[in-house]
Amino acid sequence: MSDVVYDQREVKQARYAVATVFAVHGAVTGSFATRVPWIQDHASVGTGQLGFALAFTAFGASVSMPLAGRISHRFGSRTALRGLLALWTLALTLPSLAPNLLTLCVAMFTYGATAGMADVAMNALGVEVENRLGKSIMSGLHGMWSAGALVGSAAGTLAAHLGSDARVHHALAAAVLTVLGLIACRWVFDLRATEDEEPPPRFALPPRSALLIGAVGFCAVFAEGASLDWSAVYLRDRLSSSAGLAAACTTGFMLTMAVARIVGDAVVNRFGTVRTVRTGGFLATLGGLLVVVAGNPAVAMTGFALMGLGIAVVVPLCFAAAGRSGPNPSQAIAGVATVTYTSGLVAPSVIGGLAQTTSLMVSFILVTVLASGLAVFAGVLRAGDRDRPRISSPSAAVSGPRS
């Protein structure tokens with residue numbers, strides 16, 4: 001840790017502000033996920049076409065994520081986050097407006113691009129707050145993201161139950177979340193590059209020492225992305241559930257993730273990184289098996305909830321381990337973040353494509369197999385038991401991790 005003494009009141013304000021930003025970002029995701037069945041019906045697309053459209057989310061994020069660091073470098077972290085977060089909250093309105101496959105693909109590309117840039121910017125500021133506090137807070141920040149996603153999905157569940165038009169629902173949600181995000185950004189750190197500081201690199205590939213860590217994160221985020229976007233469709237199409245009950249399944253998944261992430265720091269301090277991730281892997285695998293064999297909605301909902309509980313803290317711990325995996329912590333964290341983020345965005349389209357050729361049940365067999373990898377390979381995160389990640393400089397952190 002650095003010996004620099006910071007104004008702790010300012011640091012605490014920034015911590016609460018960044019936590020609010022995480023919650024706002026998560027609320028957008030939750031609002032979208034619960035209305036995916038409505039969006040699918042409105043655009044008149046099948047399961048495979050929906051998966052194809054969701055793939056444009058990953059494409060948009062992959063193209064745009066490298067730009068976030070440069071935007072922060074050019075305008076400062078506060079202005080960059082304010083603008084990028086507003087673009088993300090407003091992008092929520094686009095998918096529900098799409099009347100066909102082509103426009104849905106364009107909407108999802110924009111949705112993914114704004115999501116990726118805002119995600120990188122807010123995580124970079126979260127890392128800076130963690131450094132100045134001198135203690136781990138990333139799991140808690142991710143918990144706020146999940147809490148926001150839970151609130152967004154709860155509102156979406158109610159909207160689906162009432163049979164409301166998703167275009168109206170998302171327009172109202174976007175307006176509220178944009179205002180909240182702009183207010184919160186007033187108190188985040190305003191980090192600015194020095195005149196002679198070079199812009200961050202466009203891409204940060206993980207060093208060899210971080211590749212296995214990235215693989216563990218890939219497994220966790222794949223399960224998260226698949227469950228988030230397909231749990232409601234799974235209950236509706238495979239188990240003939242009502243729209244309200246299907247949306248409630250997504251809410252339950254987010255609830256377990258939110259609770260686990262909020263208490264995650266305390267659990268890791270008590271039991272250690274490896275034991276926590278290994279136990280989580282067993283729970284996620286059990287949850288996946290329940291989803292696959294479910295003959296009624298209650299069993300499937302229990303399975304999705306267990307998956308959420310099992311994978312919740314894996315990503316923050318991957319970032320922590322990556323920060324100690326080699327001589328360049330910033331590069332390792334940024335590289336692992338790219339792998340895990342891409343996994344979460346690619347997962348929905350992979351699930352849709354596999355479901356189109358086989359079935360949704362087969363798709364979640366793949367999710368279950370990947371979840372079991374958490375228990376098998378948890379040992380590669382052992383570095384996370386010894387110390388806390390350290391970022392060399394704010395400018396290096398700009399290309400840092402995701403939620």
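Mentor: A charge sits over a ring if NZ of Lys or CZ of Arg is within 6 Å of the ring centre and within 35 degrees of the ring normal. This is a predicted model, where local features need pLDDT of at least 70 and side-chain atom pairs count only at pLDDT 80 or more, while totals for chains, interfaces and linings use all residues. Residues are numbered from 1 along each chain as its sequence is written, and side-chain values use heavy atoms, leaving out hydrogens and water.

Trainee: What makes the charged end of Arg 132 sit over the ring of Phe 189?

Mentor: The charged end is 4.1 Å from the ring centre.

Trainee: Why is Leu 50 called buried?

Mentor: Its relative accessible area is 3%. Buried means under 20% (exposed is over 50%, partly exposed in between, with a 1.4 Å probe and protein chains only). So Leu 50 is buried. Leu 50 touches Val 36, Gln 40, Val 45 and Trp 230, not counting residues up to four places away in sequence. Contact means heavy atoms within 4.5 Å.

Trainee: Why is the pair of Trp 88 and Tyr 111 called tilted?

Mentor: Rings of Phe, Tyr and Trp (its six-membered ring) pair if their centres lie within 6.5 Å; planes under 30 degrees apart count as stacked, over 60 as edge-to-face, the rest as tilted. Here the centres are 4.7 Å apart and the planes at 50 degrees, so the pair is tilted. Both residues are buried.
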